[in-house]
Amino acid sequence: MELLTNILAAMVVAGTPLLLVALGELICERSGVLNLGQEGMMLMGAVAGFVVALTTGSLAVAVFAAVFAGIGMALLFAFMAVTLAANQYAAGLALTIFGTGLSAFVGAGFVGESINGFERVAIPLLSDIPVIGRVLFHQDLLVYFSLVAFAGIWLFLHHSRGGLLLRAVGEDPEAANANGLKVLVVRYLAVAFGGGMAGLAGAYLSLAYTPMWTENMTAGRGWIALALVVFATWRPERVLIGAWLFGAASILHLVLQGLGWRASTELLAMLPYVVTILMLILLSFDPVRTRLNTPLSLGQPYRPSH
Amino acid sequence: MLLLERRPVDSSLMRWASPVLALVLTVITGFVLFLAMGKDPVEGLTFFFITPISDLIGLAELGLKMAPLLLCAAGLTVCYRAKLWNIGAEGHFLMGALGASAVAVQLVDASGVWVLPVVLVAGVLAGMLWAAIAAGLKTHLHCNEILTTIMLNYIALNLLLYAVHGPLKDPYGFGFPQSVMFGESALLPDLIPGTRLHLGLAFGLLAAVSVWVLFARSFIGFQLNVIGQDHRAAAFAGFGARRLTWFAFLVGGATAGLAGASEVTGPIGQLVPQVSPGYGYTAIIVVFLGRMHALGIIAASALLALTFIGGEMLQIAMNMPKAVTGLFQGLLLFYLLTCDAFIHYRIRLRAPVRKPTRVAAPAATQEA
């Protein structure tokens, strides 16, 4: 029981960066914009958060810096993909390559430094619940934020006027425009929100998960999150479960080694990537549902005719 | 008010001016960046762009870095022309290096002219195998190729790390994660004696010429172009999308695999974990910058090869982080895509539209 609780708690921690970035991308894709630059925005968030934490000593300021770094990157993407109506695939790739390069450049002098990252804070009463208390309510602040963000996004998408507008733009920008919606503004906001969440996810890695900075420390999580959003058929509740399951896959090698299994670290480290491919294969068995849930205008640039 | 207006016809001048413009903007940004860091910008840009290629040794190094970029880019061109977003050149490359090394370490003591071709073919096959996985996932299971190829890149990297830490590790290598040095007959011959430039560059140039022949002179190249420009038209014409997808991916895997094999049998001579500084990803920039055209990708691969050695030069000469290479590459691609927008659009000056007065119907407001 003790072991299981520990594993579940570690799973939530490992799943949190994925959850944050995938929720942001979910909102972005619901507006019809596919941003493949998640990895780049996460890396910028991670490096900005770490550098600011190290220089100011304040984790709160660091988190804000990370969010703004993510938003800044996202706005670059929005300028290309929304204003200039560039190919979203190419623009997203460019953002990832640019973010990888820029973050390595900014962080070059900070490799090997260390900070005191986020500590766990037990929530009174709730953390006394058996198992669930330890798993969900004895974590760091960013984990709690990810839960709040999940609840907020779920409510926003399904029970608010704003959510309806967002989905309308994503399904049919032409009709939304005809109804007087500012399609480009909505898309800019959605992309910026995605950037902020990706920045935060990056900060989670460099401020809480492993409080340090290394080049490419996101290790493909931004890409996995993109697959996750498709797998979750653009629904926040499925993103939550998927992110935690991925968290489980990415700590499996630690669990197996803890249980005394002798297997190569490198081979086990492949697991999250293999699971992602398996997940994509699984999706292919139900193409109709995927197609029904895909925001109709996803990936297509839109320019209002007047 | 500035307005973005669709051109009636795409601008072919802009198509070729855009890469040049992007380079100029990148250099200007670099200039500002050097100033911001308190370094002499002229000196910095000279160290980055000119010093590395000011002698024969430097030019040979440029060719050395061009070879893998050009090979990967040639394969990716075939994919991207057909709008198949294969991001997996890095994975194909790593598998090519791994496959070639696995064979080469078995043939350390063998001699004869057959050894090198066998090693290279092993690399090509390994690259093709890796590309075939992505192709199969796309044609039969409709998996998005961007995501599968990215994942396969990470898996390939871990496989390579596993190999150098395990089965292919040199038992007498003082614990370093690397293979034994390959035998003399498994190494690529030098192109220019006295430099490190090897036959790989010739492979790259050959690949670029083949791409030109493919798209200018062959039916399959035509089919790939059509399917890339209009999927439905290709279907009506009866072009087999599956067959073309397989073809493009296998070509991509073969060339990148050969690039990986040439890297381990060329300048390195053994399998090491850092066999690629990201050639497969940089090759994507080469393809876009080179306008998916044979001559274009040759020029673009030279420029991006320069960013690798320019970055190293800045590190040595001005104590700058080596990451300046990645930053430069990212900026270049970024500016390129921005400039590319003006292939399809042009900027128009227009007086701001007056807001409709209150008398006007609400419908008019909505239309504005």
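In this predicted model, helix H2 (residues 38–56) of chain A packs against helix H3 (residues 59–83) of chain A at an angle of about 150°, and their axes are 7 Å apart. Since angles over 145 degrees count as roughly antiparallel, H2(A) and H3(A) are therefore roughly antiparallel to each other, and H2(A) passes H3(A) in a right-handed crossing. From H2(A) the contact draws on A:Gly40, A:Met41, A:Met44, A:Gly45, A:Ala48, A:Gly49, A:Val52, A:Ala53 and A:Thr56, while H3(A) supplies residues including A:Leu59, A:Val61, A:Ala62, A:Ala66, A:Gly70 and A:Met73. By class, the residues of the contact of H2(A) with H3(A) divide into 14 nonpolar, five polar and no charged.

The contact of H3(B) with H7(B) has 15 nonpolar, four polar and one charged residues.

The two pairs are set out below.

| Helix pair | Angle | Axis separation |
|---|---|---|
| H2(A) and H3(A) | about 150° | 7 Å |

Between the chains, 37 residues of chain A are in contact with 38 residues of chain B. On the side of chain A that touches chain B, the elements that give two or more residues are helix H4 (88–107), helix H10 (221–231), helix H12 (265–269) and helix H13 (271–284) of chain A. Of these, H4(A) gives the most, with twelve residues. The residues on this side of chain A divide into 28 nonpolar, eight polar and one charged.

Within chain B, helix H6 (residues 145–165) has 21 residues, which at 1.5 Å a residue should span 30 Å, and its end C-alpha atoms are 30 Å apart, in agreement with that expectation. H6(B) is also mostly covered, with 18 of its 21 residues buried. In the loop between helix H5 (115–141) and H6 of chain B lies B:His142, whose phi is near 55°, a positive value in a residue other than glycine. B:His142 is partly exposed, with 14 other C-beta atoms within 10 Å.

A positive phi is also found in chain A, at A:Thr233, where the value is near 45° in a residue other than glycine. A:Thr233 lies in the loop between H10 and helix H11 (236–258) of chain A, and with 16 C-beta neighbours inside 10 Å it counts as partly exposed.

Finally, A:Arg134 has its place in helix H5 (residues 132–136) of chain A, where 19 C-beta neighbours inside 10 Å make A:Arg134 count as partly exposed; the count for a buried residue is 20 or more. Leaving aside residues up to four places away in sequence, A:Arg134 touches A:Thr5, A:Ala9 and A:Ser127. A:Arg134 and A:Gly194, by contrast, are 60 residues apart in sequence and 29 Å apart in space, C-alpha to C-alpha.

How values were computed
Residues are numbered from 1 along each chain as its sequence is written. Chains are lettered from A and ligands numbered from 1 in the order in which they are written. This is a predicted model: local features need pLDDT of at least 70, side-chain atom pairs count only at pLDDT 80 or more; totals for chains, interfaces and linings use all residues. Ala, Val, Leu, Ile, Met, Phe, Trp, Tyr, Cys and Pro count as nonpolar, Asp, Glu, Lys and Arg as charged, and the others, Gly among them, as polar. Two residues are in contact if their C-beta atoms, placed from the backbone, lie within 7 Å. Helices (H or I, at least four residues) and strands (E, at least two) are DSSP runs, numbered from the N terminus. A residue is buried if 20 or more other C-beta atoms lie within 10 Å of its own, exposed if 12 or fewer, and partly exposed in between; C-beta atoms are placed from the backbone. The expected span of a helix is 1.5 Å times one less than its number of residues. Axes are lines fitted to C-alpha atoms, for helices over the stretch in contact, and angles run from 0 to 180 degrees between N-to-C directions. Angles under 35 degrees count as roughly parallel, over 145 as roughly antiparallel, 65 to 115 as roughly perpendicular and the rest as oblique. A crossing is left-handed if the near helix is turned anticlockwise from the far one by less than a right angle, and right-handed if clockwise.
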